[in-house]
Amino acid sequence: MFSILRGLMVVLGGKLKKISEVEYLLEKTYKPGMRVDGLIFADEELLELAVKDKAVEQVANVAFLPGIVKASIAMPDIHWGYGFPIGGVAATDPEKGGVISPGGVGFDISCGVRVMRTGLNLKEFEPYLDKLVNALAVNIPKGVGSTGKVKTRRKELEEICVKGAKWAVEKGYGWKEDLDYIEENGAYPGADPSKVSARAYERGADQPGTLGAGNHFLEVQVVDKIFDSKAAEVFGLFEGQIVVMIHSGSRGFGHQICTDYLKVMDAAVRKYGFNLPDRQLACAPINSKEGRDYLAAMACAVNYALCNREILGHWVRYSFEQVLRQPAEKLNIELVYDVSHNIAKFEKHKVNGQVKTLCVHRKGATRAFGPGRPEVPAKYRSVGQPVIIPGDMGSASYVLVGTAEGETKAFASTCHGAGRVMSRAEAKRKVRGSELKSRLESRGIRVVSGSLSLLAEEAPEAYKDVDRVVDICERAGLSRKVARLKPLAVVKG
């Protein structure tokens, strides 16, 4: 019988090696110019999908980046993206001419997820669910080009660029305690508002505290199953608990910053004489003016996104208070964690036995530090960093925890979601938004969407099986399952 793997090896010129049940090595001899191997975490069927949509070619292309160390890495939710595959990870060494590439971060800079737990269980909360959905529909600005209730002038936007979620807390849109459970304590370092264009400020002026559209969403969920009781207890999670997940990013502000700096990087590639197989991998040395300017602007977008999600969290608390007529403090609506999955970060990792500061690009991949790392909130440090993985509207989402093994294998990275198997255009051709809404509601999942057409783009069949993706990450040692979350209500743009 002709196996999938044998067929893929033929397609990839015999340069693919299976190194474990869920790990595949794409040798650097696959393409002349690759500086490192490709390392893909997948099973045979998911690997086949990645080959078909050319995402594996992008894994090889990323391996051309100057200063890349160890491997060009792909998570099991890998699919075609701009320059980097979505689900791609690459670390570059600033001391070895390492580069920063906007394609390794993406247009939605600091797109990420937060989970907020409550003290409520499903049985006591269920009578309030419909009213809460209605309140969230009113209170959460959503949709393409949506504008928020928080209006900002240029000076305030510049403050957000530096302070991030701290700005929201100072203005009363969140709790001081939240900052302990946000990446970088809510403010990414190195931001320089002067490196952001006037057009980006125009686009970002009225979007703090907005959900946006596309795959961004807010879900009311129930903790359906606990896999790791110790970590779940540390994270404050229990079976039957009501939680809220928010998935959003830096909106038009970050998109414009990426757009602006791709032009800068395109010129930098010619200036520094880089030989790259794909123009979308445009980059500049980390220590160059172009590299430093992009990193400073990117940090502004990260902080904008952190502020955005903090304000959205405020509107969630406000909605619960309206419906249950109790303060959010009494309802114990607390932040579990907020983490980005489109970002480049400077982190210490061991390479060839030596600890080095590397620039880790994660595009559609989530940081997943194991126990003991100082970057992990003190309360969680004994078990590791929470990892939040949204699924599709019809299945489940997960809370995972990072591992020490994942730090060694993949620069402390794991998946970021289910990963698309169908383009948005194809999903719209095959699925009617109204039919999808009826189908989900027949299964007891309330749906609020500003556009049925955009809802169709995010149909469950457009995504891989999130259970499978998460299972592969666990089998590979990248992360461990803590809790499964089932959707009760979905709010989308």
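User: What makes residues in the lining of the second largest pocket nonpolar, polar or charged?

Analyst: Ala, Val, Leu, Ile, Met, Phe, Trp, Tyr, Cys and Pro count as nonpolar, Asp, Glu, Lys and Arg as charged, and the others, Gly among them, as polar. Here that gives six nonpolar, one polar and seven charged. This is a predicted model: local features need pLDDT of at least 70, side-chain atom pairs 80 or more, while totals for chains, interfaces and linings use all residues. Numbering runs from 1 along each chain as its sequence is written, and side-chain values use heavy atoms, without hydrogens or water.

User: Which residues lie nearest the centre of the second largest pocket?

Analyst: Asp180, Asn185, Glu375, Val376 and Pro377, out of 14 lining residues. Its space is about 170 Å³.

User: And what is the volume of the largest pocket?

Analyst: About 1200 Å³. Of its 50 lining residues, His79, Ile86, Asn215, Arg420 and Arg424 are the closest to the centre. That lining has 17 nonpolar, 20 polar and 13 charged residues.

User: Why is something called a pocket?

Analyst: Because on a 1 Å grid over the protein atoms alone, it's an open set of points where a 1.4 Å probe fits, with protein on both sides within 12 Å along at least five of seven lines; lining residues have an atom within 4 Å of a point. The volume is the space filled by probe spheres on those points, joined across faces, edges and corners.

User: What does Phe253 touch?

Analyst: Counting contacts as heavy atoms within 4.5 Å, and leaving out residues up to four places away in sequence, its partners include Cys161, Val196, Cys300 and Tyr304.
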